[in-house]
Amino acid sequence: MADDIKPRIRVPQNPKKGDVLEIKTLITHPMESGQRKDAQGNTIPRRIVNALAVTYNGKPVFSGKLEPAISANPYLSFFVKVEESGTLAFEWKDDDGSVYTAEQKITLA
C-alpha cells in the first residue's frame with residue numbers, strides 16, 4: 001500500500017523576496033475511517049494520515065492534525081512568506097506508523 005501513497009506539491013513559479021505564496025499539497029491516500037465494512041461484513045480497520053508538518057529551511061511553517069472525517073486523497077493549502085530561497089519539507093504521518101516525506105525547492109527571482 002505504501003507504494004500507492006503519492007504526495008504532490010504545487011508552489012507558485014518565480015517568487016520574489018517578501019512574496020506570500022499559496023502552497024498546495026495533495027497526498028494520494030485511502031483515508032479509511034474504520035467505520036465501513038468489506039464485502040464479508042468485516043470492519044475495515046482505520047488507516048488515515050493523521051498529521052502533516054511542514055518546515056521551510058528547517059523552521060516550522062505549517063502543522064495540522066487530520067481526523068477520520070477528512071476525505072480520501074486529502075488536499076490542503078496554506079500560505080508562506082518567503083524571504084530567502086530554500087526548501088519546503090513535508091512530513092505526513094499515518095496511523096500505521098508510516099511516514100511519507102516530500103520536498104520542494106523554492107528559488108527566489
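Two strands count as paired if DSSP finds at least two bridges between them. Strands (E, at least two residues) and helices (H or I, at least four) are DSSP runs, numbered from the N terminus. This is a predicted model, in which local features need pLDDT of at least 70 and side-chain atom pairs count only at pLDDT 80 or more, while totals for chains, interfaces and linings use all residues. Residues are numbered from 1 along each chain as its sequence is written, and side-chain values use heavy atoms, with hydrogens and water left out.

**Stop 1: the strands around β6**

Select β3 and β6. They run antiparallel and are joined by 7 bridges. Find threonine 55. Opposite it stands alanine 89 of β6.

Follow the chain from β6 into β7. The two strands form a hairpin with 4 residues between them. In that turn, pick glycine 97, which has a positive phi of about 95°.

**Stop 2: the nonpolar core**

Next, select Ile23, Val82, Leu88, Phe90, Trp92 and Ile106. These have the most contacts inside the largest nonpolar core, which has 22 residues. Such a core is a set of buried Ala, Val, Leu, Ile, Met, Phe, Trp, Tyr and Cys residues joined through side-chain atoms within 4.5 Å. Buried means under 20% relative accessible area, exposed means over 50%, and partly exposed lies in between (1.4 Å probe, protein chains only).

Which strands each supply at least two residues of this core? Colour β2 (20-28), β3 (49-56), β5 (75-81), β6 (86-94) and β7 (99-106) to see them. The largest share, 4 residues, comes from β3.

Centre on leucine 88. Set aside residues up to four places away in sequence, and its contacts (heavy atoms within 4.5 Å) include Val11, Ile23, Val54, Val61 and Ile106.

**Stop 3: the aromatic rings**

Show the rings of Phe62, Phe78, Phe90 and Trp92. Ring pairs link these four into a cluster. Rings of Phe, Tyr and Trp (its six-membered ring) pair if their centres lie within 6.5 Å; planes under 30 degrees apart count as stacked, over 60 as edge-to-face, and the rest as tilted. By this rule there are 3 aromatic pairs.

Zoom in on phenylalanine 78 and phenylalanine 90. Their ring centres are 6.3 Å apart and their planes are at 50°, so the pair is tilted. Phenylalanine 78 lies in strand β5 and phenylalanine 90 in strand β6, so the pair ties together parts that are 12 residues apart in sequence. Both residues are buried.

Move on to tryptophan 92. With phenylalanine 90 it makes a stacked pair, 5.6 Å centre to centre and 15° between the planes. These two are both buried as well.

**Stop 4: glutamate 22**

Go to strand β2 and select glutamate 22. Buried or partly exposed? At 29% relative accessibility, glutamate 22 counts as partly exposed. The side chains of glutamate 22 and serine 77 make a polar contact of 3.3 Å. A polar contact is a pair of N or O atoms within 3.5 Å; within protein, one must be able to donate a hydrogen and the other to accept it, and residues adjacent in sequence count only if both atoms are side-chain atoms.

**Stop 5**

Select histidine 29, in the loop between β2 and β3. It counts as buried, at 1% relative accessibility. Its side chain makes a polar contact of 2.7 Å with the side chain of aspartate 94.

Side chains of opposite charge can pair when their charged atoms come close. A salt bridge here is a side-chain nitrogen of Lys or Arg within 4 Å of a carboxyl oxygen of Asp or Glu. The structure holds 7 of them.

Aspartate 94 is in strand β6 and arginine 47 in the loop between β2 and β3, 47 residues apart. Aspartate 94 is buried at 4% relative accessible area, and arginine 47 is buried at 14%.

Aspartate 96 counts as partly exposed, at 46% relative accessibility. Show Arg47, Asp94 and Asp96 together: they are linked in a network of salt bridges.
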